[in-house]
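Please look over the sequence and the 3D structure shown below before reading on.

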Amino acid sequence: MKSLQLLFQNRLYFSIAWVFACLNIVEGTWVLYIPYVKRHLNLDNGEIGVALFFIALGTLTMIPLAPKITSVLGLGKTTFLSICFLSITLLFPILSSSYVLLCITGYIMGLGIGITDIAMNALVSEVEKRDNVFFMSVSHGFFSLGGVISGGIGFLIFDFFDLPIYHIAIATTIILITNFFLFKSYWKIQSSTVKREAIKLKWSAVKPLLILALLAFIIMGNEGAIAHWSKLFLQDIRHVMDDGLSSLGFILFSIAMTIGRFFGDGLSEKHGSRKVVLYGSAISAIGYVCVLIPNFYLNIAGFGLAGLGFSVIIPELFRTAGNVKNVSSVEGISIVSGSGFLAFLLGPAILGFLADTGSLIRSFSVLLGSIIVAIFIVLFLIKGLMSKRE
């Protein structure tokens, strides 16, 4: 909890963490109104899937563009302008009058999500190095908190407005106002200049990034799979048909993810990133074992353990990517973030394919196998890459 206290004692650190929360407030608010958009434009599930793909496409487009944008604008300015841009794009899909326009506005929103995600993580990495502090994990905890805020407020006022645009306009206004009062503390921060070594040594920078990207692909693929399939697993495999009870797995997973991230920085500072990722992966593997045992209560506990384990891994991968030699923090994080986000999108689809060809038992067994692969990678392939900061 040391990093959480640090956040509330320092305006700079809180200002950056609030951008994380705002990003998920935008995403969570948009998700609330996907059914409305579907009805309003008379779309089927396949068409909604394509529209969501355009959001993903916009996000992936930003992977090669983000380093160029931040080098021109500066890291702090890019972070502030991107969250403002993203909050405004939240209005566009709701106002779309046709399916084509929905896909176009979705792509634009995806651009905003991509640049905000990369810039804010790189900004944390830069400030951590400059001030010799740890607050990457708690910043991701604020991201999770943003989802709780958007979901909770959305649940309370969902039926209060006749048209969604009023709710979304209020959310956009709040995001713009709060960030306007906070951005000055990080506005002038620049990405550190990287003096690259000789060409023959460039592989030394590429190799660790590829390993980190592979780990991010595995972990975020698992996060996406649980988010989309945990409820169906309990309904189809454990025959828990009550909507409330079958949602407990994902609810506990989400709560554990949020709480775990508030403790991750302290663990990283004390034990180092490598041990945090290793133990987090091991806890998640134990969680999957509990999920696969035919017992409802063990299954619920297993989803919670999986969330607790996963909670600390992605922040450590981003922290490490921002410190790889011969690459800037923006370049490193954009590669690892892009790989992870791609997996977050593909994971649920792959799990669905496995379920169609077998069952969700097979699907979750594959997820367990992927975590064992991650443990193997941490044990044997990243020695020296993740070390305790002196």
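Helices (H or I, at least four residues) and strands (E, at least two) are runs assigned by DSSP, and they are numbered from the N terminus. The model is predicted, and for that reason local features need pLDDT of at least 70 and side-chain atom pairs count only at pLDDT 80 or more, while totals for chains, interfaces and linings use all residues. Residues are numbered from 1 along each chain as its sequence is written, and side-chain values use heavy atoms, with hydrogens and water left out.

- S125 is a residue of helix α7, and with a relative accessibility of 1% S125 counts as buried, where buried means under 20% relative accessible area, exposed over 50% and partly exposed in between (1.4 Å probe, protein chains only).
- Leaving aside residues up to four places away in sequence, S125 touches M136, R319, G322, N323, S329 and I333, a contact being heavy atoms within 4.5 Å.

**Salt bridges around R319**

- A salt bridge is defined as a side-chain nitrogen of Lys or Arg within 4 Å of a carboxyl oxygen of Asp or Glu, and by this rule the count comes to five salt bridges.
- One of them joins E128 to R319, with the closest N and O atoms 2.8 Å apart; because E128 lies in helix α7 (residues 99-131) and R319 in helix α15, this pair ties together parts that are 191 residues apart in sequence.
- Another salt bridge is formed by the side chains of D265 and R319, at 2.5 Å from N to O, and this pair links distant parts of the chain, since D265 is in helix α12 (residues 248-271) and R319 in helix α15, 54 residues apart.
- E316 also forms a salt bridge with R319, the closest N and O atoms being 2.6 Å apart, and because these two residues are three residues apart in helix α15, E316 and R319 are separated by about one helical turn.
- Through salt bridges that share partners, E128, D265, E316 and R319 are joined into one network.

**F134, a neighbour of D265 in space**

- F134 is placed in the loop between α7 and α8 (136-157), and at 8% relative accessibility F134 counts as buried.
- Although F134 and D265 are 131 residues apart in sequence, they are 5.4 Å apart in space, C-alpha to C-alpha.

**Packing of α13 with α15**

- Helix α13 (residues 273-292) and helix α15 (residues 313-321) pack at an angle of about 150 degrees, with their axes 9 Å apart; that makes α13 roughly antiparallel to α15.
- Axes here are lines fitted to C-alpha atoms, for helices over the stretch in contact, and angles run from 0 to 180 degrees between N-to-C directions; angles under 35 degrees count as roughly parallel, over 145 as roughly antiparallel, 65 to 115 as roughly perpendicular and the rest as oblique.
- The crossing of α13 past α15 is left-handed, a term used if the near helix is turned anticlockwise from the far one by less than a right angle, with right-handed used if it is turned clockwise.
- The contact is made by S273, V276, V277, G280 and S281 of α13 together with I313, E316, L317, R319 and T320 of α15.
- The residues of this contact of α13 with α15 divide into four nonpolar, four polar and two charged, where Ala, Val, Leu, Ile, Met, Phe, Trp, Tyr, Cys and Pro count as nonpolar, Asp, Glu, Lys and Arg as charged, and the others, Gly among them, as polar.

**Two helices that pack against α9**

- The axes of helix α2 (residues 11-32) and helix α9 (residues 164-182) come within 10 Å and cross at roughly 170 degrees, and α2 and α9 are therefore roughly antiparallel to each other.
- By class, the contact of α2 with α9 has 11 nonpolar, five polar and one charged residues.
- Helix α5 (residues 75-89) packs with α9 at an angle of about 165 degrees, with their axes 9 Å apart, which makes α5 roughly antiparallel to α9, and the crossing of α5 and α9 is left-handed.
- In this pair, F80, I83, C84, S87 and I88 of α5 meet T172, I175, L176, N179 and F180 of α9, and by class the contact of α5 with α9 has seven nonpolar, three polar and no charged residues.
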